Amino acid sequence: VTGHRNPDTDSIVSAMAYAALRNALGDREYRAARLGHVSDETQLVLDRFGFPAPVWIKTMRTQVRDLDYDTPPALSSGVTISRAWAALSTDTSIAALPITNEDGTLFGMLSSGDIAASDMQSIEHPHIDAVPLFNVLSVLEGRILNEAGDLVDSISGEQPNQPDMIKRALELRVTCVIVCQAELDEQLRNAPTDTVIISTPFDAYRAVRLLYQSLPISRICRTKDLECFHLDDFVDDVREGMLKSRYRCYPILDENDRVVGTLSRYHLIRPKRKRVVLVDHNEAAQSVPGLDQAEILEIID
């Protein structure tokens, strides 16, 4: 609820009074606003009755914060590919997931296409490097069978061309042995070794495929040439920015550069406009800039 530009006492008090009336009647969403500095006379009135000045607004142009943008889960960069895929496949309307740093700022973006590309590359290059042991146990639903698991934080290696006996693998001091749907001899389980032995309920083929999904998403997400928008950005400017790129999804940041959601082109088709009540004036030239993009609910003059 706002009065005219260069507001006088009538304009500011009218906005405050009408917003208070509508809220008291149960609407609960009206807020008084002003379009300029508070004069000394008006400030004396506000101080006399103990009221703060209304919020100063400078435009009614539609901003990103006015849109019904998506709020997919923001995943940490250390999360497994498996968990990211589960999030994407649960809601097919999500084009990409924002990946964040520990403080909530943007690290990268991850799409189902990125995961598919990584999966195909694992066939050509069957190698993993420095994968956190916790990640491996998570995707394999595995458990450690020997004491070496307390000594190792991450594992590296590649799928062997021929299946080797577990005993030979321990002699070669491989990083990790994964036992699929089988029991391990107690002698081998208690053998002195640096090799981590993991048991999984999955068959060998599935275990191998899942192993590549234990990689942290920081290894495959897009981190370069990221284009993002802020809550205060105007939709007109956002539309122009989208026309210059071909991404399906863009991260949205707040005033502290923390991720709050994602924006796609379809969100701009029918943007939700700001709603405004005009008091103490009735001409657009006297009112807030960007009024043509707002929904005028009432004019009270």
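Me: What share of the contacts in the chain with a separation of 6 or more comes from residues 24 or more positions apart?

Reply: This is a predicted model. Residues 24 or more positions apart supply 61% of the contacts in the chain with a separation of 6 or more.

Me: What is the radius of gyration of the chain, and what would a compact globule of 301 residues have?

Reply: The chain has 30 Å, whereas a compact globule of 301 residues would have a value near 19 Å. The C-alpha trace spans about 90 × 40 × 30 Å along its principal axes. Of the 301 residues, 42% are buried.

Me: How many helices and strands are there in the chain?

Reply: The chain has nine helices and 16 strands.

Me: Which residues of helix 1 and helix 2 meet?

Reply: From helix 1 come Thr9, Ile12 and Met16, and from helix 2 come Glu41, Thr42, Val45 and Leu46. By class, the residues of this contact are four nonpolar, two polar and one charged.

Me: Where do the side chains of a regular strand point?

Reply: They alternate between the two faces of the sheet. In strand 11 (residues 196-200), Val196, Ile198 and Thr200 point one way, while Ile197 and Ser199 point the other way. Five of the five residues of strand 11 are buried, that is, each has under 20% relative accessible area.

Me: In what order do the three strands of the open sheet lie?

Reply: The order is 4-5-6, with mixed pairing. Strand 4 (75-76) and strand 6 (106-111) are the edge strands, each pairing on one side only. Strand 5 (residues 96-100) pairs with strand 6 in the antiparallel sense over five bridges; Ile99 has Gly108 of strand 6 as its bridge partner.

Me: Which helix lies across strand 4, strand 5 and strand 6?

Reply: Helix 3 (residues 81-90) does, and helix 3 runs at about 140° to strand 5.

Technical notes
Residues numbered from 1 in each chain as written. Predicted model: local features only at pLDDT ≥ 70, side-chain atom pairs only at ≥ 80, totals over all residues. Heavy atoms only, no water. Pairing = 2+ DSSP bridges. Helix = DSSP H or I, 4+ residues; strand = E, 2+ residues; numbered from the N terminus. Contact = heavy atoms within 4.5 Å. Axes fitted to C-alpha atoms, helices over the stretch in contact; angles between N-to-C directions. Rg over C-alpha atoms; globule rule 2.2 N^0.38 Å. Buried < 20%, exposed > 50% of the residue type's maximum accessible area, 1.4 Å probe, protein only. Nonpolar A, V, L, I, M, F, W, Y, C, P; charged D, E, K, R; others polar.
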